[in-house]
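Me: Could you take a close look at one part of this model and tell me what it packs against? I'd enjoy a connected account, with the cut-offs given as you go.

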Amino acid sequence: MATTRVQFAARQAAPVAGETFPEFKQAGSTITVQSCSFDATGTEAVQFVLPYVPAYGSGNVTVKILWYADTASSGDVVWGASLACLTPDTDTQDIETDAWATETTATDSHLGTTVQRLHVATVTASNLDSITTGDYLALRIRRKGADGSDTMSGDAQMTGVVMEWSDT
Amino acid sequence: MTVLSDPDRATVWRILMERAECPGTVVKADFRAAVNATDDWIEANSAAFNSALPQPYRGAASTGQKAALLAAIALKKYGRDI
């Protein structure tokens, strides 16, 4: 039994139809840091696409969201993750009207000390849209800035996403 | 005058956070309370501010011009660009 991992950098983020795309930010005094700036007061969304799901066995999909605060050093951020999967040559669903499976959310707290320290939020997606090896997969990531549990001021900068699942 | 509408207060709150004007240790709800309190204070003290302005400026200036004067003095006084 092994864990399959796929990863996406912020620069691979695409807009989600009908939703607000966060600003793209490039910063860094030594290394270059590219990220998507998710607002504190509303919901913004990005989408990543995996044209071929490798080695899916069973179980939930773990979505790890790498993020840092732009200006805050305390508070919580509510992240949401949703999947949409299509099996080529099998599913008859129109790809352009395919819907997201129900979103799963997780709240991650700023750990303090340094404003722009890197955090990882873990969302355990249990609504898998019948994911299977070889699927075309879309992943939506949102910051739920208007959620009452999202208390962190300022932007949350998402630098990348890692997806994990079991191959057995 | 009346206090700002809730959407207008939310706009001020959002813009100031985007400009990094909220201290890092302060969470969103507490910063929003500060925005609301500032609006309330201005509403409560607007008549006193107007009375403090000398003539003929007080009678000639619009409310917008007086607001710009107040904002400019406050910003300059505490080291911000006008």
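Reply: Happy to! Two residues are in contact if their C-beta atoms, placed from the backbone, lie within 7 Å. This is a predicted model, in which local features need pLDDT of at least 70 and side-chain atom pairs count only at pLDDT 80 or more, while totals for chains, interfaces and linings use all residues. Residues are numbered from 1 along each chain as its sequence is written, with chains lettered from A and ligands numbered from 1 in the order in which they are written.

Let's look at helix α2 of chain B, residues 28-52. Helices (H or I, at least four residues) and strands (E, at least two) are DSSP runs, numbered from the N terminus. At 1.5 Å a residue (times one less than the number of residues), the 25 residues of α2(B) should span 36 Å, and the end C-alpha atoms agree with that at 34 Å apart. Even so, α2(B) has a kink of about 50° centred on Asn45(B); the bend is the angle between axes fitted to the seven residues ending there and the seven starting there.

What does the helix bury? Lys28(B), Phe31(B), Arg32(B) and Val35(B) are the buried residues of α2(B), where buried means 20 or more other C-beta atoms within 10 Å, exposed 12 or fewer, and partly exposed in between. These buried residues pack against α1 (6-18) of chain B. Ala29(B) is also in α2 of chain B, but counts as exposed because there are 11 C-beta neighbours inside 10 Å. The C-alpha atom of Ala29(B) is 9.9 Å from that of Trp13(B), 16 residues away along the chain.

The loops on either side deserve a glance too. In the loop between α1 and α2 of chain B sits Ala20(B), with a positive phi near 60°; Ala20(B) is partly exposed, having 15 other C-beta atoms within 10 Å. For context, most residues other than glycine have a negative phi, and most peptide bonds are trans.

Finally, the partner chain: the contact takes 13 residues from chain B and twelve from chain A. On the side of chain B that touches chain A, α1 and α2 each supply at least two residues, and the largest share, four residues, comes from α1(B).
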